[in-house]
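Subject: Structure for your files

Hello,

Below is the structure I said I would pass on. My notes on what turned up in it follow directly after.

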Amino acid sequence: MNKAAVTIPFEHQQSAHCETGVISNLMRFHGLRVSEPMAFGIGSGLFYSHMPFVKLNGIPVTSYRILPGHIFKRFSRNTGVEMRRMKFRDPLKAMDELDRALDQGLPVGMLTSVFYLPYLPKAFRFHFNAHNIVVFGREGDEYLVSDPVMEAPTRIHRTALMRARFAKGMPNTNGRMYYPVRVPTDADLRRAAANGLRRTARDMVNTPLPMFGAKGIPYLAGKLRKYEQRLGERDARLALGNLIRMQEEIGTGGAGFRFMFAAFLQEAATVLERPELRQHAITMTRIGDQWREFAFEAGRLCKGRAEEGINYGSLADKLIAIGRQETELFRELARKPAKGSTVQGIRTA
Amino acid sequence: MKKEDVPQDDANMLEGKFRVVKYALNENGEYEKVRSVGWEPENTALEQAWDVVHERVEAARQGVLAGRLSPLAYHMEKNMMDAGLLAKHAGLSTRKVERHTQPAAFAVLDTDTLQRYATALLVSVDELKTVPR
């Protein structure tokens, strides 16, 4: 059965990362303006973890962010946005529900597998099952897609979309879809940003276990130092290449989200009227630059073209230095801000 | 990272379909979105990951031609799946999928099972029974 065409006037803005891009774009549609870095900061997206025991496509997971889906959850909680979330067993029912929302004029966010999205470049199509896109219309057998990592909106055939929505693996996508049902356009972004920032800082310095938070960085350094002895030259290079991908591939905005977080600190400095956050943004940028140096040197080592003095040990040293600076920065950010003006006001009263 | 330092190392990974967004500092020291066609270390890492995939596919193809593996093994590698993932997609047990990568077990499969595999691996049943020479 062919359904009537629907085109919702949805403004697509390209983003660095899919989840924060979807948040920013969906919120703008519903009248709440938040930039991508702001969505990232309010949703406390930044994190670090190296989990040698969790494997994705056979490779230990290193992550520069919190779990997929959680940025959206924290963002909603902090801003008072209410979402409707659904998952399905039956692909046809999942498509019906999508059509129903579109007919009501609602753009719909959903979880897909990159492997089954034909419009993406081949080189990026691995089995990654946590890619967020927005569907904002329908025309014949095709759906109109706003994929946040792309420059412009695109289209996908119904069959392909169904497949992408029902990929198996880690995780099963289960046709997950979501859309806001209540967006307070007067949400207190000040409070939301302050909460988000504090949560990130605390996550980075207080999460127990050695593999999580800022201390996860020297933890990886310890493993990296022994890669060549433990894995042999070939597998050590593969593991190193994988680290680069986790850090720099589409979706991180560069340096494993560190630059996006620095952009958030800049915005937060203005919103919260805390000029010292601009200073912290500079520190975060410097740390991001060191992540990039790490990736650059790691890339040379992968290719067997490293200069004298660059080896697994020197890369591990770089990570130790980065870990130290991140610990320092987030410790500072976890402290309660000095409320200069208010405190003085009370004192003089 | 400054705006002018955002790398533009094109290795055709994006096939010219789009550029990606990076966050970088503009001349006023403010962050903004800057588009990039790629960066060398990232290209290297991606190439390396694909080399591994291609090696596995080729090894499976040779295995099929030598009569050690069934064509299912080849198509499974081509879809970057292991037996566990293919089993989930085809609605069969991992153990069965493993068995069907053997030529003898594959040869006697019924049409329903073949169709399940074909659908999961995005090929026709005829294609499922062959590998490129």
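Chain B is split by the domain assignment into domain 1, residues 3–38, and domain 2, residues 43–128. Between the C-alpha centres of these two domains of chain B the distance is 38 Å. Please keep in mind that this is a predicted model. Chain A also has two assigned domains, with domain 1 covering 84–178 and domain 2 covering 189–338. Their centres, taken over C-alpha atoms, are 31 Å apart.

Next, the contact between the chains. On the chain B side 30 residues take part, and they touch 38 residues of chain A. Three helices and strands of chain B, namely β1, α1 (40–65) and α3 (83–90), each give at least two residues to the side that touches chain A. The largest share comes from α1(B), with 10 residues. By class, this side of chain B consists of 19 nonpolar, eight charged and three polar residues.

Which helix of chain A does α1(B) cross at roughly 40°? The partner is α10(A), residues 276–302, and the two axes come within 8 Å of each other. Angles from 65 to 115 degrees would count as roughly perpendicular and those under 35 as roughly parallel, so α10(A) and α1(B) are classed as oblique to each other. The crossing of α10(A) past α1(B) is left-handed. From α10(A), the residues that meet the other helix are Ala295(A), Phe296(A), Ala298(A), Gly299(A) and Cys302(A). Their counterparts in α1(B) are Glu40(B), Pro41(B), Thr44(B), Ala45(B) and Gln48(B). Taken together, the contact of α10(A) with α1(B) holds six nonpolar residues, three polar ones and one charged one.

There is also a helix pair to report within chain A. Helix α4(A), residues 91–103, and α5(A) have axes that come within 10 Å and cross at roughly 110°. With that angle, α4(A) is roughly perpendicular to α5(A). This crossing, of α4(A) past α5(A), is right-handed. Pro91(A), Ala94(A) and Met95(A) are the residues of α4(A) in the contact, and they meet Arg158(A), Met162(A) and Arg165(A) of α5(A). Four of the residues in this contact are nonpolar and two are charged, with no polar ones.

Some backbone details in both chains are worth a look.

In chain A, the peptide bond between Met170(A) and Pro171(A) is cis, with omega at about -5°. Pro171(A) sits in the loop that runs between α5 (158–165) and β9 (177–182) of chain A.

In chain B, Asn12(B) has a positive phi, near 60°, and is not a glycine. This residue belongs to the segment before β1 (20–25) of chain B. Is Asn12(B) buried or exposed? A residue with 12 or fewer other C-beta atoms within 10 Å is exposed, and Asn12(B) has 11 such neighbours, so it counts as exposed.

Glu15(B) likewise has a positive phi, of about 55°, without being a glycine. Glu15(B) is placed in the segment before β1 of chain B. With 11 other C-beta atoms within 10 Å, Glu15(B) is exposed.

Regards

Conventions: Residues numbered from 1 in each chain as written. Chains lettered and ligands numbered in written order. Predicted model: local features only at pLDDT ≥ 70, side-chain atom pairs only at ≥ 80, totals over all residues. Domains from an automatic or database assignment. Helix = DSSP H or I, 4+ residues; strand = E, 2+ residues; numbered from the N terminus. Buried ≥ 20, exposed ≤ 12 C-beta atoms within 10 Å, placed from the backbone. Contact = placed C-beta atoms within 7 Å. Nonpolar A, V, L, I, M, F, W, Y, C, P; charged D, E, K, R; others polar. Axes fitted to C-alpha atoms, helices over the stretch in contact; angles between N-to-C directions. Parallel < 35°, antiparallel > 145°, perpendicular 65-115°, else oblique. Left-handed = near helix turned anticlockwise from the far one by under 90°.
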